[in-house]
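Colleague: Could you take me through how a pocket and a helix packing are read from a model?

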Amino acid sequence: MSSLTSTSTTTKSEAPGSTGTGRLPQLRQLLKGMTWLVWRQHRAVFWTVLGASALAVAFIVFQRSQLHTAGYGPTSTGLRLMPILLGVFLGAPLFTGDLENGTAKLVVTQSMSRTRWLTTKLALTALVVVVSTVALSVAFGWWWTLYDESTAWEWTSGPTFNNTGPMPVALALFSVFGGVAIGVVLRRTLVAMVVTLGFTVIVQIVWSHFLAHFLLSLANVVTITTNKGVTFQHVMPPLPTGAHQVNWSNPPYLTSDGKLLGWGTCGDAQTEQAYELCMKKADVVGWSADYLPISQMNGLQWFGASILLALTAAVTVFLFFWGRKRLA
């Protein structure tokens, strides 16, 4: 018989509080019925995800507590791969194994409904994903605070923006549930994993393009100006901590009447005296710079996460619509 049958038999024969070799682990006392069956069926991959996340968090905490920055780049890359790995190894096989070995048919012939089966599997999987990604997001965000002053542009880049706040959770859930949907449609584990790999990679590429060309454009650009002149060494005015300068190609020099002049202004001046005289004739009084304040980071992350969570919800609706009719 299938693993589901053996698991069901075990849960009937082992009651809470029993002793001897049949004593249930403490976790069994917390989970009941279908939830316990799903956990038993997928406990290997669930524990692998939770354990790997715990090790990664411990590594990040150690590096941060020692003020180490070596390894920050590779770690950020590894976290960006996490949604891909979760989609391939957790999402795609979630139902395909049951469809291939006939467990799905056994489920629908018993008292439990398809809806309950779907709900329990998806909910428990989502819980594991959320716990893991929240822990990693918090730890990595804490580590990133070592960088936010020395590399002010960092918060707008994918490695930081997509690995902190709500973004890891949203990306992982969409990748996993997308993998689940691919699995229930294709009904073959290996094929579903390969297709999910392509799907999750495309999601990462499209999302990076979306971040760079659309999401950041929704931020409110702040302009800072000075009227203390421009030195021969072209020293820009200091920006607030964590600010990301934008529009480097825009004219940076500000005249007394509010006009902007380009970078080439007085560029042929060979000496400091000639440069100052040229700037005076051009009526340049200071700098003008546009930047994105770091205070907008959290709002943009939640906006981006809401888009991904809405897509995840749409995939979930599809899974219930498809699963109630064909998941057997």
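Colleague: What volume does the largest pocket have, and which residues are the closest to its centre?

Modeller: On a 1 Å grid over the protein atoms alone, a pocket is an open set of points where a 1.4 Å probe fits, with protein on both sides within 12 Å along at least five of seven lines, and lining residues have an atom within 4 Å of a point. In this predicted model, where local features need pLDDT of at least 70 and side-chain atom pairs count only at 80 or more, linings use all residues. Here the largest pocket has a volume of about 320 Å³, and of its 14 lining residues V49, A52, M82, L85 and L86 are the closest to the centre. Helix 3 (33-65) and helix 4 (72-91) are the elements that give two or more residues to this lining, with the largest share, seven residues, coming from helix 4.

Colleague: How are helix 5 and helix 9 oriented to each other?

Modeller: Axes are lines fitted to C-alpha atoms over the stretch in contact, and angles run from 0 to 180 degrees between N-to-C directions. The axes of helix 5 (residues 93-101) and helix 9 (residues 167-186) come within 7 Å and cross at roughly 20 degrees; the two are therefore roughly parallel, a term for angles under 35 degrees.

Colleague: Which residues of helix 5 and helix 9 meet?

Modeller: With contact meaning heavy atoms within 4.5 Å, L94, F95, T96 and L99 in helix 5 meet V180, G183 and V184 in helix 9. Residues are numbered from 1 along each chain as its sequence is written, and side-chain values use heavy atoms, leaving out hydrogens and water.

Definitions and conventions:
Helix = DSSP H or I, 4+ residues; strand = E, 2+ residues; numbered from the N terminus. Parallel < 35°, antiparallel > 145°, perpendicular 65-115°, else oblique. Points joined across faces, edges and corners; volume = space filled by probe spheres on them.
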